[in-house]
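Two ligand sites are described below, one after the other. Please keep the sequence and the 3D view side by side while reading.

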Amino acid sequence: MSASSKPPVALLLALLCGTLLAGIGNGNAGNQHPAQTPCAECHLAGTDTNRTNAAQLTRSQEALCGGCHPGALTVAHPTGFPAARPLPAEYPLDWKGDVTCSTCHVTHGTQPGRLHGDKRHKALCLSCHEAAFFERMVDAGLSLQRSGHIAAGVEQLSGVELDPYSLHCLGCHSDKIRGGSVTVDQRGVLRHASGSVNHPIGTHYPGNRPSARFHPAASLRPQVLLPEGRLSCVTCHEGYAETHGALVMSNHGSALCLECHDI
Ligand code: HEC
Ligand code: HEC
Ligand code: HEC
Ligand code: HEC
Ligand code: HEC
Ligand code: HEC
Ligand code: HEC
């Protein structure tokens with residue numbers, strides 16, 4: 001039954017109590033996440049959504065969830081593609097056979113992280129991937145196995161004007177590991193151990209302001225990411241990929257540099 005066909009008293013109550021009233025006793029998503037969004041934005045059946053018709057969504061989950069969680073689409077586990085191999089039933093594909101948000105997440109769940117099952121971190125990854133998949137990576141998969149999104153669970157350091165992805169990278173690379181340390185000094189200059197590329201980091205890209213020195217942000221290739229509009233480790237390096245640390249594009253002939261610098 002839709003709200004409009006209910007008696008006026010119930011409608012008034014529903015308006016007064018808002019999302020608190022919705023869902024009580026009928027087993028639907030109720031006031032749970034994402035409560036700010038009307039059911040019909042995502043579900044064809046609107047408030048009448050139940051377990052049988054819930055999969056009939058108005059758009060793909062990448063579009064429905066990405067508006068509020070843009071980071072889940074970029075520096076994150078790939079989603080929105082058909083699985084080419086069987087996966088454990090615990091992690092359901094959507095109706096078109098795609099790995100998507102609800103493969104790992106219980107959308108209207110209440111547990112922290114809203115994950116299916118009780119596996120976390122490395123154990124979660126190994127339920128779908130062979131150990132060898134990670135062993136091949138230069139960091140043995142350590143940087144990815146914390147979560148499905150590299151910024152998840154990164155502590156924001158007060159006073160440091162860096163995006164969460166850079167903080168994640170520095171969590172390991174500011175310690176001395178084999179390749180030596182990467183530092184960001186007080187002036188916001190990133191210094192690679194090799195000394196080959198030193199560069200400002202954390203500053204806002206000049207964007208579309210008229211500037212003789214930089215190409216407009218909108219013209220940059222999509223893989224040159226500017227999280228929160230800032231220069232980040234993931235501007236130049238791949239974040240969530242098998243090829244840990246690779247550049248986002250070739251720097252042959254300074255091509256990566258010239259993607260931004262208009263000399
Ligand atoms: C932002 C989009 C979004 C909104 C808003 C939304 N849902 Fe969902 N809901 C989903 C997705 C995605 C799934 C998982 C679909 C699948 O399994 O294919 C889901 C699943 C469900 C399910 C199946 C059981 C479960 O918990 O997974 C029910 C029932 C449901 N939603 C009801 C509702 C109701 C009622 C509302 C409004 C109060 C609502 N939803 C609002 C996206 C949304
Ligand atoms: C209207 C904005 C909005 C939409 C749309 C939305 N979310 Fe969220 N989401 C939030 C907010 C705000 C939080 C943090 C507060 C909370 O936990 O409810 C959150 C938290 C989460 C969390 C983290 C829970 C935790 O404990 O760390 C997950 C996972 C999540 N959302 C997945 C999804 C998925 C999947 C979809 C699409 C079906 C989606 N969200 C759509 C706003 C949204
Ligand atoms: C391969 C599994 C996987 C897929 C696919 C996935 N996630 Fe996640 N996600 C995780 C894990 C693991 C966590 C960490 C949960 C925890 O706190 O333990 C997480 C955390 C989150 C969080 C909270 C932390 C943060 O980064 O803000 C949000 C929001 C979120 N996911 C949204 C999404 C959305 C939206 C999609 C689809 C575009 C998606 N996820 C697809 C595994 C996945
Ligand atoms: C529900 C199953 C599932 C889970 C859980 C899962 N993955 Fe995946 N992942 C896949 C599938 C399917 C692909 C596509 C490639 C393939 O078939 O291996 C993929 C692809 C990837 C890729 C991209 C590979 C490339 O082409 O660059 C990475 C990186 C990755 N996963 C890491 C992880 C990590 C880290 C975790 C744990 C946080 C995880 N995965 C958890 C199913 C899963
Ligand atoms: C969990 C720790 C950890 C995190 C987090 C991490 N790395 Fe690494 N990274 C390593 C290890 C270990 C190596 C192997 C080489 C070494 O010991 O220096 C490595 C190697 C690299 C290399 C050199 C690659 C090569 O082929 O020699 C680059 C570049 C790199 N990481 C960039 C990044 C970036 C960018 C991030 C953030 C998106 C990041 N790393 C996050 C541990 C980490
Ligand atoms: C402006 C682009 C740019 C930014 C921003 C950037 N890097 Fe790099 N990084 C490079 C280039 C170019 C190389 C050299 C790659 C090569 O020679 O193949 C490199 C090399 C590395 C290496 C290999 C060892 C070394 O010292 O040369 C590591 C590790 C690394 N980067 C980590 C990081 C981390 C962590 C961040 C963020 C704090 C970061 N990078 C930000 C462009 C960048
Ligand atoms: C994502 C765009 C982007 C890429 C890629 C990039 N730069 Fe920059 N670079 C900038 C911006 C923006 C500034 C100015 C930052 C500021 O003033 O805080 C800058 C500043 C600099 C500076 C400091 C001097 C000055 O003019 O402000 C040098 C040197 C530099 N870049 C060299 C390079 C080199 C070499 C590469 C390739 C390895 C590179 N950049 C890649 C955007 C980029």
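This is a predicted model. Start at ligand 7, which sits in the second largest pocket. Its shell has 16 residues, and those that come nearest are H199, R213, C257, C260 and H261. By class, ten residues of this shell are nonpolar, five are polar and one is charged.

Two elements, strand β5 (198–200) and helix α9 (255–260), each supply at least two residues of the shell around ligand 7. The largest share, three residues, comes from α9.

Polar side chains also approach ligand 7. An N or O atom in the side chain of H199 is 2.7 Å from a nitrogen atom of ligand 7. For H261, a polar side-chain atom lies 2.8 Å from a nitrogen atom of the ligand.

Now turn to the iron atom of ligand 5. Which residues coordinate this iron atom? They are H173 and H244, each through NE2, at 1.9 to 2.0 Å. The iron atom has six donor atoms, the angles among them run from 87 to 178°, and the site is octahedral. For six octahedral donors, the ideal angles are 90 or 180 degrees.

H173 belongs to helix α7 (residues 164–173), whereas H244 is in the loop between α8 (233–236) and α9, so the pair ties together parts that lie 71 residues apart in sequence.

Notes:
Residues are numbered from 1 along each chain as its sequence is written. Chains are lettered from A and ligands numbered from 1 in the order in which they are written. This is a predicted model: local features need pLDDT of at least 70, side-chain atom pairs count only at pLDDT 80 or more; totals for chains, interfaces and linings use all residues. Side-chain values use heavy atoms; hydrogens and water are left out. A residue is near a molecule or strand if one of its heavy atoms lies within 4 Å of it. A polar contact is a pair of N or O atoms within 3.5 Å; within protein, one must be able to donate a hydrogen and the other to accept it, and residues adjacent in sequence count only if both atoms are side-chain atoms. On a 1 Å grid over the protein atoms alone, a cavity is a set of points where a 1.4 Å probe fits but cannot get out, and a pocket is an open set with protein on both sides within 12 Å along at least five of seven lines; lining residues have an atom within 4 Å of a point. A molecule sits in a cavity or pocket if more than half of its atoms lie within 2 Å of its grid points. Helices (H or I, at least four residues) and strands (E, at least two) are DSSP runs, numbered from the N terminus. Ala, Val, Leu, Ile, Met, Phe, Trp, Tyr, Cys and Pro count as nonpolar, Asp, Glu, Lys and Arg as charged, and the others, Gly among them, as polar. Donors are N, O and S atoms within 2.8 Å of the metal (3.2 Å for Na, K and Ca); water is not among the atoms, so sites may look incomplete. Four donors count as tetrahedral if all angles lie between 85 and 135 degrees; four count as square planar and six as octahedral if opposite donors are over 155 degrees apart and all others between 65 and 115; anything else is irregular.
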